[in-house]
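Please examine the following structure with attention to its aromatic pairs, its nonpolar cores and the local backbone geometry.

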Amino acid sequence: MAQEHIRVFQDIEDVVIAGIFSRTHLKAEDVAKKFLIEHVCDSIDDLFITTQAHMVIIAVPELEVRGVCINAFKYSWMPLVEKPAGYNLVDAQEIAHAAKKFGHTAYVALNRRHYASTRTVLRELKDVDGGRLIHVYDQENPAIALELGRPNEVVKNWMYANSIHVIDYFKLFGRGDITSIEPIIRWDSETPQFVMTKITYSSGDIGIYEAIWNGPGPWAVTVTTQQKRFELRPLEQATVQLYKSRNLELLPAHFWDSQFKPGLRLQAEEAIKALRDEPTLLPTLDEALETMKLVSAIYEI
């Protein structure tokens, strides 16, 4: 992910990647050589002192995020934290508390918010009246994550590490405040299989979360209204079905999402806007924390 961030920021005129730090120095040297980054630093402190950078991108393993953030928050650069900003809700809350302590507005790289498919559906929905049914389909394989060497504590909190990607769509497409969260099929940590939850909004919108653990299923999002039904499946591709039609019409994409990791190029543009104190789509750490709270409420943990 660090290299993906470097690629998109280097594509923006007048942006320079000033330096890099990794706990594995040789990896940092390899990346610096590949992307022609001048400074390979020995610590976060050294990174700031050497570069005097305006922004820092934090892309580290889940269990390292809090410690790295607390160290980075000591300095005046704007932090952009790769998701999840905390391996569980308590961890995320401590990171948010640290940001406030140091007077930072930190941001979180929830790149699916910046997919061209996501942005297109949001634009289309502006012209559609009435209630929305938002259906989020999730599928998770924590057993495979363990086999691949992911830490036990991260896999134990896999809904924060991975399900957050799709649960965050409720914060995008649902309007108003969440007024109730009702479990239909409760999460069972001993025998994880199915989870289903109904989410009700003050606007009258309704969300349905449906997850399959250790079984086949898609990552997909649908938003249904009386006039139009939108579908993201795969999430990078948007289609629309009109009332009285059986056809799915493909909505336009953006070449950035094929040239770079989807969402990251627009996200980088929004990060520069935030740095310049301009209106931005980039979610703050507090906004990302709201999604973490929704994960906690759905899974009752």
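Trp187 and Trp213 are both buried, where buried stands for under 20% relative accessible area, exposed for over 50% and partly exposed for values in between (1.4 Å probe, protein chains only). The model is a predicted one, in which local features need pLDDT of at least 70 and side-chain atom pairs count only at pLDDT 80 or more, while totals for chains, interfaces and linings use all residues. Residues are numbered from 1 along each chain as its sequence is written, and side-chain values use heavy atoms, with hydrogens and water left out.

The description of the aromatic residues relies on ring geometry. A pair of aromatic rings is described by the distance of the centres and the angle of the planes. Rings of Phe, Tyr and Trp (its six-membered ring) pair if their centres lie within 6.5 Å; planes under 30 degrees apart count as stacked, over 60 as edge-to-face and the rest as tilted. The structure holds 10 such aromatic pairs. In one of them, the ring centres of Phe48 and Tyr75 are 4.7 Å apart and the planes stand at 20°, so the pair is stacked. Phe48 belongs to helix H3 (residues 44-51) and Tyr75 to the loop between helix H4 (65-72) and strand E4 (78-82), so the pair ties together parts that are 27 residues apart in sequence. Helices (H or I, at least four residues) and strands (E, at least two) are DSSP runs, numbered from the N terminus. Both Phe48 and Tyr75 are buried. Trp187 and Trp213 form a tilted aromatic pair, with 4.6 Å centre to centre and 50° between the planes. This pair links distant parts of the chain, 26 residues apart: Trp187 is in the loop between strand E7 (178-185) and strand E8 (194-201), and Trp213 is in strand E9 (residues 206-213). Trp187 and Trp213 also belong to one aromatic cluster with Phe170, Tyr209 and Tyr299.

A nonpolar core is a set of buried Ala, Val, Leu, Ile, Met, Phe, Trp, Tyr and Cys residues joined through side-chain atoms within 4.5 Å. The largest such core has 67 residues, and those with the most contacts inside it are Trp77, Tyr169, Phe170, Phe173, Tyr209 and Tyr299. Helix H13 (residues 285-299) gives the most to this core, with 8 residues. A second, separate core of 24 residues includes Val31, Leu80, Phe260 and Ile272. Apart from neighbours within four places in sequence, Tyr209 is in contact (heavy atoms within 4.5 Å) with residues including Val136, Asp138, Phe170, Ile298 and Tyr299.

Helix H6 (residues 116-125) is mostly covered, with 8 of its 10 residues buried. Those buried residues are Ala116, Ser117, Thr118, Arg119, Thr120, Val121, Leu122 and Leu125. Their cover includes helix H10 (169-173), strand E10 (220-224), strand E11 (228-232), strand E12 (238-242), helix H11 (256-259) and helix H12 (264-275).

Val15 counts as partly exposed because its relative accessibility is 22%.

The backbone has several local features. A cis peptide bond joins Lys83 and Pro84, with omega about -10°, and Pro84 lies in the loop between E4 and helix H5 (89-101). The peptide bond from Arg233 to Pro234 is likewise cis, with omega near -5°, and Pro234 is found in the loop between E11 and E12. Leu36, a residue other than glycine, has a positive phi near 60° and lies in the loop between helix H2 (25-35) and strand E2 (39-40). With a relative accessibility of 75%, Leu36 counts as exposed. Asp277 also has a positive phi, about 60°, although it is not a glycine. Asp277 is placed in the loop between H12 and H13, and its relative accessible area of 72% makes it exposed.
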